[in-house]
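Colleague: I'm new to this one and would rather get to know a single part well than skim the whole thing. Could you pick one piece, look at it closely, and tell me what surrounds it?

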Amino acid sequence: MAPKKSDTGKRPASTSRSPSARSAGNGNGRARRGVSSQPWLHQKGAEVQRFGTVRQFPLGLSFDARMYSCERLNRVLANTQILYALYKKHHWLMRGMTFYQLHLLLDKHAGEQLELVDMIAERVQTLGGVAVGDPRQVAEITTIPRPPDGAEEVPAMLSRLLEAHERILIDAHDAAARTGEMGDDGTNDLLVSDVIRTGELQAWFLAEHLVETPLVHA
Ligand SMILES: [Fe+2]
């Protein structure tokens, strides 16, 4: 039976309402007893799974393998969320003669990093874990240095992105090898085929913008 609701979405203080009160409905224009379209608002509940734990899923992977993969994936996930945010920051703060080209390139890279964020997070969930999502927790886990709140010179901004890529790549190579050793081929594949391949390609595109080349005279 559907719950009786007040028109504020809170549970009524008493359920001993008179028949006339029941027939008057709940303010939604429908008076049929036990039926309401009023959402249950302002609900609070206990935490049902703590961060850093894994549920048992029938994946043919040991508890230890899934725990280890989730821990490594959550660090890559936190760093990837920071890299995504750095790409957006520098997409906005770009300036100079190559503004438009870099403005577009950095946004493209940001979009690809955001796709990775979703893939990594869903891998953590697939393994029974809890993916880091709140930016405040991301800030506690990330190993990528915080940039100044203001704008830096363009080459410094590009270098900062390259260094963030390298941190993720070093960590992802190690995580891929170790999760593979523990039998978690799916995590190994995600790290190699998606995180590493995407990161390497983006690093190449960034690095080429830091080559000093004559624009008019050879
Ligand atoms: Fe934009």
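Modeller: One bit of background to begin with: the span expected of a helix is 1.5 Å times one less than its number of residues. Keep in mind too that this is a predicted model.

The part I'd pick is α5, which covers residues 154-181. Helix α5 has 28 residues, and from its first C-alpha to its last it reaches 41 Å, close to the 40 Å expected at 1.5 Å a residue. Just after α5 comes G183, with a positive phi of about 95°.

Take α6 (185-207). The axes of α5 and α6 are 9 Å apart, and the two helices pack at an angle of about 160°. That makes the pair roughly antiparallel, because an angle over 145 degrees counts that way. Their crossing is left-handed. Sorted by class, the contact of α5 with α6 has 16 nonpolar residues, eight polar ones and two charged ones.

Then there's α2 (63-93). Here the axes lie 10 Å apart and the packing angle with α5 is about 165°, so α2 and α5 are roughly antiparallel to each other. The crossing of α2 and α5 is left-handed.

And how do α3 and α5 run relative to each other, parallel or antiparallel? Their axes come within 13 Å and cross at roughly 20°. Angles under 35 degrees count as roughly parallel, and α3 and α5 are therefore roughly parallel to each other. Helix α3, residues 99-126, passes α5 in a left-handed crossing. The 28 residues of α3 should span 40 Å at 1.5 Å a residue, and its end C-alpha atoms are 40 Å apart, which agrees. Just after α3, G128 has a positive phi of about 95°.

The largest pocket has a volume of about 440 Å³. It is lined by 15 residues, and those closest to its centre are T98, H209, V211, T213 and L215. Helices α3 and α5 are the elements that give two or more residues to that lining. Which element has the largest share of the pocket lining? That would be α5, with three residues. The pocket lining as a whole has eight nonpolar residues, five polar and two charged.

The residues lining it are T80, L83, Q113, L116, H165, I168, L169, V195 and G199. Helices α2, α3, α5 and α6 each supply at least two residues of this lining, and α5 gives the most, with three residues. By class, the cavity lining has five nonpolar and four polar residues, and no charged ones.

So if you want one place to start in the 3D view, follow α5 along its 41 Å, find α6 with its axis 9 Å away, and then look for the second largest cavity, to whose lining α5 gives the most residues.

Notes: Residues numbered from 1 in each chain as written. Predicted model: local features only at pLDDT ≥ 70, side-chain atom pairs only at ≥ 80, totals over all residues. Heavy atoms only, no water. 1 Å grid on protein atoms, 1.4 Å probe; cavity = no way out; pocket = protein on both sides within 12 Å on 5 of 7 lines; lining within 4 Å. Points joined across faces, edges and corners; volume = space filled by probe spheres on them. Helix = DSSP H or I, 4+ residues; strand = E, 2+ residues; numbered from the N terminus. Nonpolar A, V, L, I, M, F, W, Y, C, P; charged D, E, K, R; others polar. Axes fitted to C-alpha atoms, helices over the stretch in contact; angles between N-to-C directions. Parallel < 35°, antiparallel > 145°, perpendicular 65-115°, else oblique. Left-handed = near helix turned anticlockwise from the far one by under 90°.
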